[in-house]
Amino acid sequence: MYHCDNYPQLQSSTRRAAQNLMAKRKDESVDWVRKIIGMETQTDYTCNPEYVANCSKLIFMEIMNDQRKHSVLNLEGGIGVIDVGHLRKHLGVVQQAFELKMRMIAYWKIVLMRLVDSMALHIMFSIQNIINKDMEHEIVQELMAPQSGGIERMLDESPLVAEKRNRLNKSVKLLQESKEVVSNVTDRISFHGDQERD
């Protein structure tokens, strides 16, 4: 808005245009995030090498097979402390369920990182587009709209300019009066100087 400080007629239109664009971009960003999350829930694809590393780090079946180990485990990856003693009876199903859970945990870590990175890029790209492409067009649309009266407002004289004009008119009037007084004084001096010589 500081670009419009010298043009108060444009400030309200510029403010409205910026608010309209931001509201529009906010709705577009929400839709964009919904699409990204929808894509992630439809398919589980990643070529990120951290996925395999996280999956292998979370495997714990060797603990399940060893009856001498404790039945309470503290697992990494956001799982926490779990009791596995009662699960040792169902090793086949436990293996499948655990692998599925570990793959989901590893995959969603990558999804969250992708979402954060993509959102930051999307926001920066949207802001650049607003500033470089859309803002000027939106301001012109706001000014030209028949209900806003933007052209008439632009032709109105701002209070600051009117005050300066009045001060300058007073200064010009004062200077003209001073010129007349100086001219009269100069004329008297020259008239008295001529009389003394005669």
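Author: Happy to! Of the 198 residues in the protein, 24% are buried, where buried means under 20% relative accessible area, exposed means over 50%, and partly exposed lies in between (1.4 Å probe, protein chains only). This is a predicted model, in which local features need pLDDT of at least 70 and side-chain atom pairs count only at pLDDT 80 or more, while totals for chains, interfaces and linings use all residues. Residues are numbered from 1 along each chain as its sequence is written, and side-chain values use heavy atoms, with hydrogens and water left out.

To get your bearings, the protein has six helices and two strands, in the order α-α-α-β-β-α-α-α from the N terminus. Here helices (H or I, at least four residues) and strands (E, at least two) are DSSP runs, numbered from the N terminus.

Now to the charged pairs. A salt bridge is a side-chain nitrogen of Lys or Arg within 4 Å of a carboxyl oxygen of Asp or Glu, and a search of the whole structure finds five.

Start in helix α1, which covers residues 8-42. There, R25 and E28 form a salt bridge, with 3.2 Å between the closest N and O atoms. These two residues are three apart, about one turn of the helix. R25 counts as buried, at 15% relative accessibility, whereas E28 is partly exposed at 38%. The pair also belongs to a network of salt bridges that links R25, E28 and D134.

D31 is partly exposed, with a relative accessibility of 40%, and R34 is exposed, with a relative accessible area of 59%.

Finally, look at E40 and R114, which form a salt bridge with the closest N and O atoms 2.8 Å apart. This pair links distant parts of the chain, since E40 is in helix α1 and R114 in helix α4 (residues 91-144), 74 residues apart. E40 counts as buried at 13% relative accessibility, while R114 is partly exposed, with a relative accessible area of 29%.
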